[in-house]
Amino acid sequence: MPEDTQGALRADLAPVKLARPGRRVAAVAVALVAAGFVYTVFANPNFQWGVVSRYLFNKDILAGVRLTIELTVSAMAIGVSLGLITALMRLSDNPLLSGAAAVYTIAFRGTPALVQLIFWYNLAALFPRITIGIPFFGPEWFSVNANAIITPTVAANLGLGLCEGAYMAEIVRAGIMSVDPGQREAGVALGLTRAQTMWRVILPQALRVIVPPTGNQIIGMLKLSSLASVISVTELLSAAGLIYTRTFETIPLLIVASLWYIALTGVLSLGQRVIERRLGRSVAETGTPGRGWARWRAGSAETAGAADTAGPD
Amino acid sequence: MDPMIEVHGLHKRFGSVEVLKGIDLDVAPGQVVCVIGPSGSGKSTLLRCINHLERPDAGYVRVGGRFVGYRRVHDRLHEANERELCKARASIGMVFQRFNLFQNMTVLDNVTLAPRLARKLGVAHAERKALALLGLVGLAGKKDRYPNRLSGGEQQRVAIARALAMEPSVMLFDEATSALDPELVGEVLDVMRTLARDGMTMVVVTHEIGFAREVADEVVFMDRGVVAERGPPAQVLQSPRAARTREFLGRLL
């Protein structure tokens with residue numbers, strides 16, 4: 001269609017927006033469904049919001065929240081440490097070390113976390129006594145009854161931590177491999193040891209790649225820790241379960257647990273966003289010295305750096 | 001005079017490709033040797049063998065009379081442990097084509113890291129020395145910058161200062177200007193020229209024939225893993241004897 005080239009054109013006005021009827025219909029449909037959902041949630045008496053509010057800050061529920069947080073923190077601590085060790089082993093030149101790391105990763109990433117939890121919980125069936133020492137030749141340092149030390153909490157930490165370690169190993173490995181090999185060469189060429197180069201040069205740079213997925217893993221672990229309910233650890237989900245098996249208020253108590261999970265993951269997501277923004281800023285176009293990731297680490301370089309940029313080059 | 005760098009019978013292969021086929025090279029203290037040659041001729045590998053970034057398959061390197069990466073026990077060479085290797089490398093400065101500044105550190109930290117960790121210098125001492133070196137390469141004002149905020153030429157000058165901070169007895173330059181924009185090459189060559197004038201022993205792998213002609217005491221032409229020709233720059237660059245050298249130089253002009 002030929003465009004009208006006659007007469008005055010009001011180019012100073014904003015162009016008229018294109019009508020998008022399909023999008024409008026979709027928006028109305030979504031709004032309807034959402035309104036219906038909200039109405040149902042509050043109108044349906046079976047949700048028992050009164051019960052929900054009664055139990056939200058119940059002493060047993062709060063104890064469960066606390067245990068869930070503790071379990072998440074300790075399992076992640078185990079997971080991150082194991083992951084770091086495994087990743088370093090995996091990158092070793094020694095085939096036995098890298099092989100052992102690969103086997104660990106395959107075994108623990110390849111089996112369901114639930115299976116691992118139950119397995120550790122029943123460790124005593126496999127090894128009635130647990131002996132620490134050097135296999136075959138060495139002295140035995142100590143030996144204990146497995147049932148005595150593998151409590152449900154220990155089993156949960158072992159299960160979740162070992163499982164997490166396998167995932168973290170891959171994350172750390174990817175982070176280390178993302179760092180330019182020239183960085184390592186520059187470090188050792190200066191006479192630094194391989195360990196010094198790893199800790200001072202490679203790992204700090206690998207963190208940029210490691211931290212974001214680790215945030216995801218923590219959020220995942222928070223929810224994964226609910227699996228510990230099957231081996232009678234009274235974390236958040238079991239705490240709710242213990243109440244509803246007694247009162248039969250199943251749905252409202254599951255809502256109580258869910259609200260807590262959402263609140264906790266919300267806090268974690270927020271923290272993750274803050275950290276990622278700081279990580280991202282050091283590579284941003286406008287990045288100036290002493291900003292971003294480095295400022296987050298060093299803090300003190302900030303003012304000097306900012307002053308430096310402000311001046312003319 | 002004993003050579004500062006002694007390369008003896010160096011062989012290196014990567015898989016089925018023999019990159020170095022028996023290289024011998026002596027560099028006297030204070031001498032500047034420029035290594036030229038087509039890409040793939042083994043120049044960089046030779047340089048990387050000198051500080052043992054590549055482990056030679058046969059032959060050895062001695063710097064300042066000490067084996068690099070090896071230890072002599074009776075009539076055999078034994079692999080050196082990490083401490084010995086680090087000590088040897090600490091006295092060999094290396095400058096890379098891609099600068100390889102530590103991206104997670106400021107310019108100042110880049111220069112002070114190795115003296116603090118490997119030479120156990122105190123922070124104040126290391127920083128004083130670093131600032132003097134940064135002044136030497138004209139970058140004292142940028143000490144708090146991060147590498148990605150510097151131009152290529154500035155990064156390479158910081159890299160040179162970083163290597164000098166270890167007070168090396170020799171400096172290796174691996175195509176130090178090849179990754180630079182043409183207008184930034186000069187500032188890096190100026191620093192290298194100053195170093196050469198001040199008596200630093202240098203092995204410079206380069207494509208800058210002009211620099212070689214002006215600064216080198218000896219030019220080594222490598223081709224397909226062997227030293228094809230060597231001699232004073234006037235001879236090798238102006239009236240090369242080997243046909244391969246003539247061909248290579250002809251293609252450059």
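The mean pLDDT of chain B is 94, with 100% of its residues at 70 or more; pLDDT is the predictor's confidence in each residue, from 0 to 100. This is a predicted model, where local features need pLDDT of at least 70, side-chain atom pairs count only at pLDDT 80 or more, and totals for chains, interfaces and linings use all residues. Residues are numbered from 1 along each chain as its sequence is written, chains are lettered from A in the order in which they are written, and side-chain values use heavy atoms, leaving out hydrogens and water.

User: What makes residues of chain B and chain A count as in contact, and how many do?

Analyst: Contact means heavy atoms within 4.5 Å. By that rule, 32 residues of chain B are in contact with 30 residues of chain A.

User: Why is the pair Glu185(A) and Arg48(B) called a salt bridge?

Analyst: The term asks for a side-chain nitrogen of Lys or Arg within 4 Å of a carboxyl oxygen of Asp or Glu. Here the closest N and O atoms are 2.6 Å apart, so Glu185(A) and Arg48(B) form a salt bridge. The count between the two chains is 1 salt bridge.

User: What does "buried" mean for these two chains, and how much is buried?

Analyst: Buried area is the accessible area (1.4 Å probe) that two parts lose on being put together, summed over both. Chain B and chain A bury about 2600 Å² between them, with 54% of it on carbon and sulfur atoms.

User: Which scores does the model have?

Analyst: Its ipTM is 0.93 and its pTM is 0.81.
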